[in-house]
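User: Could you take a close look at one helix in this model for me? I'd like to know which way its residues face and what sits against them.

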Amino acid sequence: MLPLKLDFGYLAPDISLELVQTWQDMVDFADRKVTKGGGEGSDFLGWVEPKDMVSDSELQQIRSLSSELRENCDYLIVIGIGGSYLGARAVIEALGRGDGPQVLFAGNSLSAHYHAEILRKIQGKRFGINVISKSGTTTEPAVSFRIYREALENRVGREAAKKLIVATTDSKKGALRKFADEEGYATLRVPDDVGGRYSVLTPVGLLPIAVAGIDIDKLLGGAQECATACSNPDVTKNPATFYAAARNLLYRQGKTTEIFASFEPRLHFVAEWWKQLYGESEGKDHISLFPASVDLTTDLHSMGQWIQQGRRNIIETFVIVDGGEETLAIPQGKNLDELGYLAGKDINEVNRAAYRATALAHRDGDVPNQTIHLDQLNSFSLGALLYFFERACGVSGYLMGVNPFNQPGVEAYKTNMFALLGKPSYEQATKDVQARLSAQKQGTVISFS
(Lines give C-alpha, C1' and ligand atoms only; values in the text may rest on other atoms or scores of the structure.)
Protein backbone atom coordinates (compact mmCIF):
# COMPACT_ATOMS: atom_id res chain seq x y z
CA MET A 1 0.00 0.00 0.00
CA LEU A 2 1.30 3.45 -0.89
CA PRO A 3 2.45 5.21 2.31
CA LEU A 4 1.52 8.58 0.87
CA LYS A 5 -1.76 10.52 0.68
CA LEU A 6 -2.59 13.84 -0.92
CA ASP A 7 -5.07 16.22 0.74
CA PHE A 8 -6.12 18.96 -1.69
CA GLY A 9 -9.00 20.38 0.39
CA TYR A 10 -7.34 23.76 0.91
CA LEU A 11 -6.75 24.25 -2.81
CA ALA A 12 -10.46 25.08 -3.05
CA PRO A 13 -12.00 27.24 -4.31
CA ASP A 14 -9.08 27.86 -6.71
CA ILE A 15 -8.82 24.18 -7.62
CA SER A 16 -11.55 21.53 -7.59
CA LEU A 17 -11.64 17.87 -8.56
CA GLU A 18 -13.84 18.76 -11.50
CA LEU A 19 -11.37 21.39 -12.74
CA VAL A 20 -8.48 18.94 -12.56
CA GLN A 21 -10.55 16.40 -14.52
CA THR A 22 -10.84 18.87 -17.41
CA TRP A 23 -7.09 18.41 -17.89
CA GLN A 24 -7.30 14.63 -18.28
CA ASP A 25 -6.38 14.64 -21.99
CA MET A 26 -3.45 17.02 -21.51
CA VAL A 27 -2.20 14.98 -18.56
CA ASP A 28 -2.44 11.76 -20.59
CA PHE A 29 -0.35 13.35 -23.33
CA ALA A 30 2.31 14.60 -20.90
CA ASP A 31 2.45 11.35 -18.93
CA ARG A 32 2.92 9.32 -22.12
CA LYS A 33 5.96 11.45 -22.91
CA VAL A 34 7.38 10.53 -19.49
CA THR A 35 6.61 6.82 -19.65
CA LYS A 36 6.86 6.11 -23.39
CA GLY A 37 9.18 8.83 -24.69
CA GLY A 38 8.63 11.04 -27.67
CA GLY A 39 9.16 14.35 -25.90
CA GLU A 40 12.23 16.55 -25.60
CA GLY A 41 14.74 14.96 -23.25
CA SER A 42 13.44 11.43 -23.82
CA ASP A 43 17.01 10.11 -23.66
CA PHE A 44 16.87 10.72 -19.88
CA LEU A 45 13.97 8.52 -18.78
CA GLY A 46 16.02 5.77 -17.15
CA TRP A 47 14.59 6.64 -13.72
CA VAL A 48 10.92 6.03 -14.65
CA GLU A 49 11.01 2.30 -13.76
CA PRO A 50 12.68 2.00 -10.32
CA LYS A 51 13.38 -1.70 -10.78
CA ASP A 52 15.53 -0.88 -13.83
CA MET A 53 17.59 1.91 -12.28
CA VAL A 54 20.14 -0.37 -10.64
CA SER A 55 20.97 -3.97 -11.49
CA ASP A 56 21.26 -6.85 -9.02
CA SER A 57 25.02 -6.97 -9.57
CA GLU A 58 25.30 -3.23 -8.89
CA LEU A 59 23.25 -3.59 -5.71
CA GLN A 60 25.57 -6.37 -4.56
CA GLN A 61 28.61 -4.20 -5.31
CA ILE A 62 27.07 -1.26 -3.43
CA ARG A 63 26.40 -3.47 -0.40
CA SER A 64 29.95 -4.80 -0.48
CA LEU A 65 31.59 -1.39 -0.85
CA SER A 66 29.38 0.17 1.82
CA SER A 67 30.26 -2.64 4.23
CA GLU A 68 33.99 -2.08 3.68
CA LEU A 69 33.67 1.68 4.14
CA ARG A 70 31.56 1.27 7.27
CA GLU A 71 34.18 -1.04 8.74
CA ASN A 72 37.22 1.06 7.88
CA CYS A 73 36.04 4.67 8.16
CA ASP A 74 34.91 7.14 10.80
CA TYR A 75 33.86 9.54 8.04
CA LEU A 76 32.83 9.23 4.42
CA ILE A 77 33.39 12.37 2.37
CA VAL A 78 30.92 12.51 -0.52
CA ILE A 79 32.24 14.80 -3.24
CA GLY A 80 29.60 16.00 -5.69
CA ILE A 81 27.41 18.95 -6.57
CA GLY A 82 23.74 19.38 -7.47
CA GLY A 83 22.05 16.07 -8.13
CA SER A 84 25.27 14.23 -7.40
CA TYR A 85 24.86 14.90 -3.69
CA LEU A 86 21.51 16.51 -2.83
CA GLY A 87 19.43 13.33 -3.10
CA ALA A 88 21.78 11.32 -0.90
CA ARG A 89 21.99 14.15 1.62
CA ALA A 90 18.20 14.44 1.70
CA VAL A 91 17.82 10.75 2.57
CA ILE A 92 20.70 10.67 5.04
CA GLU A 93 19.57 13.80 6.91
CA ALA A 94 16.03 12.41 7.09
CA LEU A 95 16.81 8.83 8.10
CA GLY A 96 20.39 8.57 9.32
CA ARG A 97 20.74 7.05 12.78
CA GLY A 98 24.41 7.76 13.37
CA ASP A 99 25.33 4.10 13.79
CA GLY A 100 28.02 4.17 11.09
CA PRO A 101 30.52 6.57 9.58
CA GLN A 102 29.42 10.18 9.56
CA VAL A 103 28.79 11.28 6.00
CA LEU A 104 30.21 14.70 5.13
CA PHE A 105 29.48 16.51 1.88
CA ALA A 106 32.11 18.40 -0.09
CA GLY A 107 32.33 19.38 -3.73
CA ASN A 108 29.30 21.64 -3.42
CA SER A 109 31.20 24.75 -2.38
CA LEU A 110 34.29 26.76 -3.24
CA SER A 111 34.49 28.23 0.27
CA ALA A 112 37.93 27.89 1.86
CA HIS A 113 36.35 28.06 5.32
CA TYR A 114 33.96 25.22 4.51
CA HIS A 115 36.78 22.93 3.38
CA ALA A 116 39.04 23.96 6.27
CA GLU A 117 36.31 22.97 8.73
CA ILE A 118 36.00 19.52 7.16
CA LEU A 119 39.78 19.06 7.14
CA ARG A 120 39.92 19.95 10.83
CA LYS A 121 37.10 17.52 11.59
CA ILE A 122 38.77 14.56 9.87
CA GLN A 123 42.27 15.25 11.16
CA GLY A 124 43.59 12.06 12.77
CA LYS A 125 40.41 10.16 11.83
CA ARG A 126 39.83 7.30 9.42
CA PHE A 127 38.01 8.45 6.34
CA GLY A 128 37.10 7.41 2.82
CA ILE A 129 35.98 9.26 -0.28
CA ASN A 130 33.11 8.76 -2.71
CA VAL A 131 33.71 11.16 -5.61
CA ILE A 132 30.68 11.54 -7.88
CA SER A 133 31.00 13.18 -11.29
CA LYS A 134 30.05 11.99 -14.74
CA SER A 135 32.82 14.00 -16.40
CA GLY A 136 35.32 14.59 -13.63
CA THR A 137 35.89 18.15 -14.83
CA THR A 138 33.15 20.09 -13.00
CA THR A 139 35.08 22.72 -11.06
CA GLU A 140 33.67 22.37 -7.53
CA PRO A 141 33.92 18.57 -7.15
CA ALA A 142 37.20 18.36 -9.11
CA VAL A 143 38.86 20.92 -6.83
CA SER A 144 37.45 19.17 -3.76
CA PHE A 145 38.69 15.77 -4.93
CA ARG A 146 42.20 17.17 -5.20
CA ILE A 147 41.98 18.52 -1.66
CA TYR A 148 40.66 15.39 0.06
CA ARG A 149 42.59 12.89 -2.04
CA GLU A 150 45.81 14.66 -1.00
CA ALA A 151 44.68 14.63 2.65
CA LEU A 152 43.89 10.90 2.47
CA GLU A 153 47.17 10.02 0.73
CA ASN A 154 49.12 12.06 3.30
CA ARG A 155 47.40 10.17 6.10
CA VAL A 156 47.57 6.55 4.89
CA GLY A 157 49.81 6.58 1.82
CA ARG A 158 48.90 6.47 -1.85
CA GLU A 159 48.42 2.70 -2.13
CA ALA A 160 46.22 2.40 0.97
CA ALA A 161 44.24 5.45 -0.13
CA LYS A 162 43.25 3.71 -3.36
CA LYS A 163 41.27 1.16 -1.34
CA LEU A 164 39.33 3.94 0.41
CA ILE A 165 38.22 5.83 -2.71
CA VAL A 166 35.16 4.98 -4.77
CA ALA A 167 34.51 6.87 -8.00
CA THR A 168 30.92 7.06 -9.25
CA THR A 169 31.27 8.17 -12.85
CA ASP A 170 30.61 7.44 -16.50
CA SER A 171 30.96 3.76 -17.37
CA LYS A 172 33.27 4.36 -20.34
CA LYS A 173 34.52 7.90 -20.81
CA GLY A 174 35.49 11.12 -19.08
CA ALA A 175 38.39 12.41 -17.02
CA LEU A 176 37.30 10.76 -13.77
CA ARG A 177 36.75 7.39 -15.47
CA LYS A 178 40.25 7.55 -16.96
CA PHE A 179 41.82 8.58 -13.66
CA ALA A 180 39.94 5.94 -11.66
CA ASP A 181 41.04 3.21 -14.06
CA GLU A 182 44.65 4.37 -13.93
CA GLU A 183 44.66 4.49 -10.12
CA GLY A 184 42.66 1.30 -9.64
CA TYR A 185 39.78 2.81 -7.66
CA ALA A 186 36.56 0.89 -7.19
CA THR A 187 33.94 2.41 -9.48
CA LEU A 188 30.17 2.66 -9.78
CA ARG A 189 28.19 3.74 -12.81
CA VAL A 190 26.44 7.05 -13.41
CA PRO A 191 23.62 5.93 -15.73
CA ASP A 192 23.73 7.47 -19.19
CA ASP A 193 19.95 7.85 -19.28
CA VAL A 194 19.39 9.49 -15.88
CA GLY A 195 20.07 13.17 -15.20
CA GLY A 196 21.69 14.16 -11.92
CA ARG A 197 18.60 15.54 -10.21
CA TYR A 198 16.71 12.28 -10.91
CA SER A 199 19.61 10.03 -9.81
CA VAL A 200 19.14 9.57 -6.05
CA LEU A 201 17.85 6.00 -6.48
CA THR A 202 20.75 4.97 -8.72
CA PRO A 203 24.33 4.15 -7.63
CA VAL A 204 24.90 7.93 -7.44
CA GLY A 205 22.83 8.14 -4.25
CA LEU A 206 22.66 4.56 -3.05
CA LEU A 207 26.29 4.10 -1.98
CA PRO A 208 26.47 7.00 0.52
CA ILE A 209 22.94 6.16 1.69
CA ALA A 210 24.00 2.56 2.36
CA VAL A 211 27.17 3.69 4.16
CA ALA A 212 24.92 5.72 6.46
CA GLY A 213 23.18 2.46 7.42
CA ILE A 214 19.88 3.12 5.62
CA ASP A 215 17.95 0.23 4.03
CA ILE A 216 18.33 0.82 0.29
CA ASP A 217 16.12 -2.15 -0.60
CA LYS A 218 13.15 -0.58 1.21
CA LEU A 219 13.96 2.79 -0.34
CA LEU A 220 13.74 1.25 -3.81
CA GLY A 221 10.67 -0.73 -2.76
CA GLY A 222 8.86 2.46 -1.81
CA ALA A 223 9.73 4.00 -5.16
CA GLN A 224 8.41 0.94 -6.98
CA GLU A 225 5.16 1.05 -4.98
CA CYS A 226 4.70 4.69 -5.98
CA ALA A 227 5.50 3.90 -9.62
CA THR A 228 2.70 1.34 -9.56
CA ALA A 229 0.26 3.90 -8.11
CA CYS A 230 1.34 6.40 -10.77
CA SER A 231 0.36 3.99 -13.54
CA ASN A 232 -3.33 4.72 -12.88
CA PRO A 233 -4.56 6.67 -15.93
CA ASP A 234 -7.24 8.57 -13.99
CA VAL A 235 -5.83 11.99 -13.07
CA THR A 236 -7.96 12.08 -9.91
CA LYS A 237 -6.52 8.75 -8.69
CA ASN A 238 -2.91 9.19 -9.69
CA PRO A 239 -0.95 11.23 -7.10
CA ALA A 240 1.76 12.45 -9.48
CA THR A 241 -0.46 13.55 -12.35
CA PHE A 242 -2.96 15.19 -9.96
CA TYR A 243 -0.17 17.21 -8.32
CA ALA A 244 1.27 18.16 -11.74
CA ALA A 245 -2.12 19.27 -13.06
CA ALA A 246 -3.04 21.24 -9.92
CA ARG A 247 0.21 23.23 -9.79
CA ASN A 248 -0.05 24.02 -13.51
CA LEU A 249 -3.64 25.19 -13.11
CA LEU A 250 -2.60 27.43 -10.23
CA TYR A 251 0.30 28.78 -12.27
CA ARG A 252 -2.14 29.76 -15.01
CA GLN A 253 -4.19 31.57 -12.36
CA GLY A 254 -1.22 33.81 -11.58
CA LYS A 255 0.53 31.85 -8.84
CA THR A 256 4.24 32.12 -9.50
CA THR A 257 5.87 30.65 -6.37
CA GLU A 258 5.40 27.28 -4.72
CA ILE A 259 6.57 26.85 -1.13
CA PHE A 260 7.58 23.44 0.23
CA ALA A 261 6.69 23.51 3.94
CA SER A 262 7.41 20.90 6.59
CA PHE A 263 7.13 20.74 10.36
CA GLU A 264 9.94 18.16 10.61
CA PRO A 265 13.52 19.54 10.56
CA ARG A 266 14.81 16.22 9.18
CA LEU A 267 13.10 17.07 5.89
CA HIS A 268 15.11 20.25 5.32
CA PHE A 269 17.33 18.67 2.67
CA VAL A 270 14.39 16.92 1.05
CA ALA A 271 13.16 20.46 0.40
CA GLU A 272 16.57 21.45 -0.95
CA TRP A 273 16.52 18.44 -3.28
CA TRP A 274 12.94 19.31 -4.34
CA LYS A 275 14.00 22.89 -5.14
CA GLN A 276 16.74 21.70 -7.46
CA LEU A 277 14.44 19.12 -9.07
CA TYR A 278 11.75 21.64 -9.96
CA GLY A 279 13.93 24.69 -10.44
CA GLU A 280 16.32 23.02 -12.86
CA SER A 281 13.61 21.02 -14.63
CA GLU A 282 11.07 23.80 -15.21
CA GLY A 283 12.97 27.08 -14.96
CA LYS A 284 13.28 27.79 -18.68
CA ASP A 285 11.88 30.13 -21.31
CA HIS A 286 11.18 32.71 -18.56
CA ILE A 287 8.23 30.70 -17.21
CA SER A 288 7.32 28.29 -14.39
CA LEU A 289 6.74 28.39 -10.67
CA PHE A 290 9.65 29.45 -8.47
CA PRO A 291 10.36 26.68 -5.90
CA ALA A 292 10.95 27.96 -2.37
CA SER A 293 10.88 26.32 1.06
CA VAL A 294 10.36 27.00 4.75
CA ASP A 295 11.09 25.02 7.91
CA LEU A 296 8.17 25.20 10.29
CA THR A 297 7.43 26.12 12.97
CA THR A 298 10.78 27.96 12.91
CA ASP A 299 10.01 30.09 9.86
CA LEU A 300 6.53 31.00 11.10
CA HIS A 301 8.46 33.49 13.22
CA SER A 302 10.22 34.98 10.19
CA MET A 303 8.65 34.14 6.83
CA GLY A 304 5.24 33.49 8.35
CA GLN A 305 4.23 37.14 8.11
CA TRP A 306 5.06 37.32 4.39
CA ILE A 307 3.24 34.07 3.63
CA GLN A 308 0.17 35.24 5.50
CA GLN A 309 -0.07 38.77 4.17
CA GLY A 310 2.52 39.36 1.47
CA ARG A 311 1.97 39.33 -2.26
CA ARG A 312 -0.73 36.82 -3.18
CA ASN A 313 1.19 34.94 -5.86
CA ILE A 314 2.05 31.84 -3.83
CA ILE A 315 0.88 28.31 -3.26
CA GLU A 316 2.05 25.99 -0.52
CA THR A 317 2.73 22.26 -0.37
CA PHE A 318 3.02 20.78 3.11
CA VAL A 319 4.81 17.46 3.69
CA ILE A 320 3.59 16.01 6.99
CA VAL A 321 4.64 12.89 8.89
CA ASP A 322 1.53 11.41 10.49
CA GLY A 323 2.98 8.76 12.79
CA GLY A 324 5.92 6.68 13.94
CA GLU A 325 7.73 9.54 15.66
CA GLU A 326 9.39 9.36 19.06
CA THR A 327 7.25 10.56 21.93
CA LEU A 328 8.22 13.31 24.34
CA ALA A 329 5.91 14.56 27.06
CA ILE A 330 5.97 18.25 27.97
CA PRO A 331 6.98 18.51 31.65
CA GLN A 332 4.98 19.95 34.51
CA GLY A 333 6.29 23.21 35.94
CA LYS A 334 5.47 26.65 37.19
CA ASN A 335 2.89 28.33 35.01
CA LEU A 336 4.81 31.57 34.55
CA ASP A 337 5.00 30.82 30.81
CA GLU A 338 1.20 30.29 30.76
CA LEU A 339 1.67 26.89 29.15
CA GLY A 340 0.43 24.78 32.02
CA TYR A 341 -2.41 23.53 29.82
CA LEU A 342 0.19 21.71 27.68
CA ALA A 343 1.80 19.83 30.58
CA GLY A 344 1.77 16.10 29.97
CA LYS A 345 0.89 16.39 26.29
CA ASP A 346 3.10 14.72 23.70
CA ILE A 347 5.03 17.42 21.80
CA ASN A 348 3.96 15.67 18.57
CA GLU A 349 0.37 16.64 19.37
CA VAL A 350 1.42 20.28 19.65
CA ASN A 351 3.32 20.06 16.36
CA ARG A 352 0.29 18.55 14.59
CA ALA A 353 -1.93 21.30 15.97
CA ALA A 354 0.57 23.88 14.68
CA TYR A 355 0.37 22.34 11.20
CA ARG A 356 -3.45 22.29 11.14
CA ALA A 357 -3.62 25.85 12.43
CA THR A 358 -1.09 27.05 9.85
CA ALA A 359 -2.74 25.36 6.86
CA LEU A 360 -6.09 26.90 7.83
CA ALA A 361 -4.64 30.35 8.48
CA HIS A 362 -2.79 30.38 5.18
CA ARG A 363 -5.90 29.29 3.30
CA ASP A 364 -7.79 32.10 5.02
CA GLY A 365 -4.97 34.39 3.90
CA ASP A 366 -5.62 33.42 0.26
CA VAL A 367 -2.77 30.92 -0.05
CA PRO A 368 -4.04 27.75 -1.71
CA ASN A 369 -2.30 24.82 -0.06
CA GLN A 370 -2.21 21.05 -0.25
CA THR A 371 -0.71 18.42 2.02
CA ILE A 372 1.28 15.30 1.26
CA HIS A 373 0.84 12.96 4.21
CA LEU A 374 3.41 10.24 4.94
CA ASP A 375 2.27 7.39 7.19
CA GLN A 376 5.65 7.65 8.88
CA LEU A 377 9.16 8.68 7.93
CA ASN A 378 11.16 5.60 6.96
CA SER A 379 13.04 4.20 3.97
CA PHE A 380 9.91 2.89 2.27
CA SER A 381 7.87 6.08 2.58
CA LEU A 382 10.79 8.33 1.63
CA GLY A 383 11.47 6.25 -1.47
CA ALA A 384 7.83 6.69 -2.43
CA LEU A 385 7.97 10.46 -1.81
CA LEU A 386 11.11 10.95 -3.88
CA TYR A 387 9.67 9.02 -6.81
CA PHE A 388 6.35 10.87 -6.50
CA PHE A 389 8.07 14.24 -6.89
CA GLU A 390 10.24 12.99 -9.78
CA ARG A 391 7.31 11.55 -11.71
CA ALA A 392 5.18 14.64 -11.12
CA CYS A 393 8.05 16.88 -12.18
CA GLY A 394 8.41 15.17 -15.56
CA VAL A 395 4.67 15.47 -16.22
CA SER A 396 4.52 19.04 -14.94
CA GLY A 397 7.41 20.14 -17.13
CA TYR A 398 5.77 18.79 -20.25
CA LEU A 399 2.48 20.45 -19.26
CA MET A 400 4.38 23.75 -19.06
CA GLY A 401 5.86 23.16 -22.50
CA VAL A 402 9.51 22.82 -21.48
CA ASN A 403 12.05 20.02 -21.61
CA PRO A 404 12.18 18.83 -17.97
CA PHE A 405 15.45 16.95 -18.44
CA ASN A 406 17.97 19.55 -19.60
CA GLN A 407 19.57 22.58 -17.94
CA PRO A 408 21.04 24.87 -20.60
CA GLY A 409 21.16 27.90 -18.33
CA VAL A 410 23.59 26.28 -15.90
CA GLU A 411 26.49 26.82 -18.31
CA ALA A 412 26.36 30.63 -18.38
CA TYR A 413 28.24 31.25 -15.12
CA LYS A 414 30.79 28.55 -15.95
CA THR A 415 31.90 30.31 -19.13
CA ASN A 416 32.48 33.55 -17.23
CA MET A 417 34.27 31.77 -14.36
CA PHE A 418 36.60 29.84 -16.69
CA ALA A 419 37.44 33.10 -18.44
CA LEU A 420 38.22 34.89 -15.17
CA LEU A 421 40.40 32.03 -13.94
CA GLY A 422 42.40 31.89 -17.17
CA LYS A 423 41.41 28.43 -18.37
CA PRO A 424 43.32 27.46 -21.53
CA SER A 425 41.42 28.15 -24.77
CA TYR A 426 39.40 30.88 -23.02
CA GLU A 427 41.89 33.69 -23.78
CA GLN A 428 39.50 35.81 -25.85
CA ALA A 429 36.66 35.23 -23.40
CA THR A 430 39.01 36.36 -20.60
CA LYS A 431 39.65 39.67 -22.35
CA ASP A 432 35.96 40.19 -23.10
CA VAL A 433 34.78 39.43 -19.55
CA GLN A 434 37.49 41.53 -17.90
CA ALA A 435 36.60 44.47 -20.18
CA ARG A 436 32.92 44.16 -19.37
CA LEU A 437 33.59 43.97 -15.62
CA SER A 438 35.92 46.94 -15.73
CA ALA A 439 33.42 49.07 -17.62
CA GLN A 440 30.56 48.07 -15.37
CA LYS A 441 32.40 48.89 -12.15
CA GLN A 442 33.27 52.46 -13.13
CA GLY A 443 31.34 54.75 -10.86
CA THR A 444 29.35 51.96 -9.22
CA VAL A 445 31.44 51.25 -6.11
CA ILE A 446 30.83 53.37 -3.03
CA SER A 447 33.37 53.34 -0.20
CA PHE A 448 32.22 54.36 3.27
CA SER A 449 34.29 55.89 6.03
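Analyst: Accessible areas here come from the Shrake-Rupley method with a 1.4 Å probe. On that basis, the chain in this predicted model has an accessible surface of about 21300 Å², and carbon and sulfur atoms hold 51% of that. Of its 449 residues, 49% count as buried.

The chain's secondary structure comes to 17 helices and 10 strands. Its radius of gyration is 24 Å, close to the 22 Å the globule rule gives for 449 residues, so the chain is as compact as a globular protein of that length. Take the contacts with a separation of 6 or more: 77% of them join residues 24 or more positions apart.

Now for α2, residues 24–36. With 13 residues at 1.5 Å each, this helix should span 18 Å, and its end C-alpha atoms are 17 Å apart, which agrees. Which residues of α2 are buried? They are Gln24, Val27, Ala30, Asp31 and Val34. These cover an arc of only 130° around the axis, which puts them on the same side of α2.

Just past the end of α2, Gly37 takes a positive phi of about 90°.

Terms used:
Residues numbered from 1 in each chain as written. Predicted model: local features only at pLDDT ≥ 70, side-chain atom pairs only at ≥ 80, totals over all residues. Heavy atoms only, no water. Helix = DSSP H or I, 4+ residues; strand = E, 2+ residues; numbered from the N terminus. Expected span 1.5 Å × (residues − 1). Buried < 20%, exposed > 50% of the residue type's maximum accessible area, 1.4 Å probe, protein only. Arc of directions from axis to C-beta. Rg over C-alpha atoms; globule rule 2.2 N^0.38 Å. Contact = heavy atoms within 4.5 Å.
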